[in-house]
Amino acid sequence: MTNLAYFRGGCSGPWRIVSVEAVRGETLPCAERLEIVSCAVAEPAHPVEASSWTLKGVAGHARYATRRELDMLGATQAPLGRGEATCAALIPIRKSQGWWTLAQDERRIIFEETSHHTAIGTAYLPAVARRLHHCRDLGEPFDFLTWFEFAPEHAAAFDALVAALRATPEWGYVEREVDIRLAWD
Ligand code: HEM
């Protein structure tokens, strides 16, 4: 399996956990640091008990974006790992059964034509770098692990972005969301 990423909250890792906010539903146990392990084949050999929690997801292909949107994103978005992007957010999200019983075309209409998710997000590129991981079909407690990196001067803009998205009809289908903020220090 490719592009499998493990997010481990515990007492080690390069990212310091600054805050954990349960936006909707149950929170996650406390942890001081986050380690991200990307793995091509199987679960890495680190002892699981060293983690307070481990979430895994696959950074796979896009489901909803049109050709035009993908081209625009490809031309505008920044890569992860920029030296100045010392702030990050890990926002695991689970959507409701009502969302998943919709057809693909119905979900796309809510996601973009009604909620303007990509259009809203595009205004924050390239300041915010992003990666979306899917995990619903891995039997995980969340459906998505969303990961963002930005410089400290864009932290307020990132807050405005998440507030704008949370006010959309799409977020009416979110039944669990934990907002974890991190710093590279
Ligand atoms: C999915 C863009 C910020 C949560 C997507 C997709 C795009 C996108 C294009 C669809 C991928 C596909 O075709 O499958 C952006 C841009 C952002 C941004 C440009 C600006 C930085 C955010 C933020 C959150 C978020 C801040 C969380 C608070 C999600 C989730 C999905 C998603 C959960 C999966 C939706 C689903 O498949 O049902 N985003 N996004 N995004 N994004 Fe964002």
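**Close-up 1. His117 at the iron atom of the ligand.** In this predicted model, His117 (NE2) is the only protein donor of the iron atom, at 2.1 Å. Donors are N, O and S atoms within 2.8 Å of the metal (3.2 Å for Na, K and Ca); water is not among the atoms, so sites may look incomplete. His117 belongs to helix H4, residues 117-122. Helices (H or I, at least four residues) and strands (E, at least two) are DSSP runs, numbered from the N terminus.

**Close-up 2. The largest pocket.** Its space comes to about 1,200 Å³. A pocket is an open set of points on a 1 Å grid over the protein atoms alone, where a 1.4 Å probe fits, with protein on both sides within 12 Å along at least five of seven lines; lining residues have an atom within 4 Å of a point. The volume is the space filled by probe spheres set on the points, which are joined across faces, edges and corners. The lining has 46 residues; Phe111, His117, Arg130, Leu132 and His134 lie nearest the centre. Elements giving two or more residues include helix H1 (67-76), strand E5 (87-95) and helix H3 (104-114). H5 gives the largest share, five residues.

**Close-up 3. The second largest pocket.** Its volume is about 190 Å³. Of 14 lining residues, Ala5, Ile36, Ser38, Arg131 and His133 lie nearest the centre. Strands E1 (4-10), E3 (33-39), E6 and E7 each give two or more.

**Notes.** Residues are numbered from 1 along each chain as its sequence is written. Local features need pLDDT of at least 70, side-chain atom pairs count only at pLDDT 80 or more, totals for chains, interfaces and linings use all residues, and side-chain values use heavy atoms, with hydrogens and water left out.
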